[in-house]
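Dear colleague,

I am passing on the structure we spoke about, and you will find it just below. My notes on what was found in it follow, and I would be glad if you read them with the structure open.

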Amino acid sequence: MSVAEPAQQAASKPLDVSRLRADFPILQEVVNGKPLVYLDSAATSQKPESVIQAISDYYRFSNANVHRGVHALGERATEAFEGAREDVARFVNADPRGVVFVRNTTEGLNLVAQAFARPLLGPGDRIVATEMEHHSNLVPWQQVRDQTGCELSYIKLTEDGRLDQDSVEGLLRPPTRLLAVTHVSNVLGTINPIRELVEQAHEQGIVVCVDGAQAVPHMPVDLKDLGADFYSFSGHKMLGPTGTGVLYGRPELLDKMPPFLTGGSMISVVTLEKTTWNEIPHRFEAGTPDIAGAAGLSAAIRYLEAVGMERIRQHSAELTDYAQEALSEVPGLTQYGPRGEDRTGMVSFNLEGVHPHDVGTILDREGVAVRAGHHCCQPLMRQLGVAATTRASFCLYNTRDEVDCLVRGLGEVNRIFRD
Ligand code: 7TS
């Protein structure tokens with residue numbers, strides 16, 4: 001398959017996964033003598049040839065610094081970087097002036113915490129997060145609480161891992177000023193109803209900051225439709241390179257915010273006494289950015305668009321359903337998270353009497369890569385009453401056969417620990 005043209009597939013048909021897999025060189029790897037079964041895409045996804053090629057082409061043909069060179073390469077680099085901003089804006093249906101390049105989801109959320117929430121909040125105000133947040137959307141708000149003296153409260157979860165509606169009603173009211181919520185949980189796979197939460201929050205004048213790290217790789221995300229004020233996601237979880245991430249901020253809000261990091265590129269006029277800030281989004285991009293990464297992210301977006309996000313959503317949902325069904329047959333296995341349409345991308349589970357690290361290690365011997373641990377969600381682990389879980393997570397290149405390999409591997413774990 002040509003690296004410039006990812007597998008173009010008819011919009012109405014399901015994914016032809018075996019064709020897509022040929023675009024991902026790493027999927028040909030053999031691990032511990034077995035073909036690799038990569039079920040850890042929630043940690044980071046694998047990359048298609050077109051992304052790898054875009055990065056190397058950037059260095060071969062266009063490398064220069066952005067926004068400053070008067071020479072041809074400087075123009076090419078600037079085009080690659082600003083073109084990537086346009087691609088991101090189109091992909092998530094957002095105003096490009098609101099698209100800030102950051103290193104990852106974590107940095108985007110810290111930017112909102114320090115440049116938006118910290119100057120705004122004080123004693124008597126409240127931030128609300130949820131009990132299912134990744135540490136990236138929890139620790140920054142604890143910092144703001146400690147810096148400003150505001151309160152921090154958490155929306156509770158139902159037994160099956162959804163947001164508790166009474167708790168939502170109780171907390172989305174004064175003195176809450178900001179809601180921090182994940183779009184998709186990286187442990188439970190729960191898809192939170194962001195549009196409804198935003199509507200409810202906005203009625204009360206509450207600003208909404210969404211962690212989109214696990215949503216953008218799995219479903220079409222339309223930021224105009226969702227209406228969130230801030231939305232952060234990582235390039236490396238959506239087929240793009242590590243070191244790339246995006247913070248979308250509503251331009252009216254970004255415009256009023258002070259910078260997060262200061263130095264080159266983010267200034268307008270500097271004297272020895274004072275500095276004025278550049279326009280948004282450049283005000284939030286201090287120093288030389290990851291230009292090669294942006295070129296890679298563009299290629300990832302073009303790949304995802306060619307495959308079609310609607311079909312990727314269907315594939316993720318079907319594979320998750322199939323895995324939930326198949327895992328329910330494994331003796332001694334407990335699954336976490338809801339069943340239903342508001343669920344995607346991954347399954348977390350425990351095998352009775354076996355530590356998740358042992359599960360992960362035995363699966364690795366079978367070539368099956370999963371993640372075992374607290375998944376950067378220690379408060380959620382406490383809610384679930386466990387120290388850790390094993391998690392299998394999916395991407396557009398995963399198949400039912402691979403889920404079957406996981407189930408067979410778990411049979412092996414049970415044989416070793418129970419027989
Ligand atoms: N938010 C969610 C919901 C995540 O799943 C992750 C990463 C992050 C934020 C942070 O992303 P980063 O790119 O800034 O690191 N989650 C995981 C995971 O589940 N396993 O490894 C990383």
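In this predicted model, 44 residues of domain 1 are in contact with 34 residues of domain 2. The domain assignment gives domain 1 as 7-49 + 308-418 and domain 2 as 53-305, and the centres of the two, taken over C-alpha atoms, are separated by 27 Å. Between them an area of about 3100 Å² is buried, with carbon and sulfur atoms giving 58% of that area. On the side of domain 1, Met309, Asp342 and Leu380 lose the most area to domain 2, and together they account for 19% of what that side buries.

As for polar links, 25 residue pairs are in polar contact between domain 1 and domain 2, and the rule finds one salt bridge across this interface. Arg162 forms a salt bridge with Asp342, where the closest N and O atoms are 2.6 Å apart. Among the elements of domain 1 that touch domain 2, α11 (309-327), β14 (346-351) and α13 (378-384) each supply at least two residues, and the largest share, six residues, comes from α13.

With best wishes

Notes: Residues numbered from 1 in each chain as written. Predicted model: local features only at pLDDT ≥ 70, side-chain atom pairs only at ≥ 80, totals over all residues. Heavy atoms only, no water. Domains from an automatic or database assignment. Contact = heavy atoms within 4.5 Å. Buried area = accessible area lost by both parts, 1.4 Å probe. Salt bridge = Lys/Arg side-chain N within 4 Å of Asp/Glu carboxyl O. Polar contact = N/O pair within 3.5 Å; in protein donor to acceptor, adjacent residues only side chain to side chain. Helix = DSSP H or I, 4+ residues; strand = E, 2+ residues; numbered from the N terminus.
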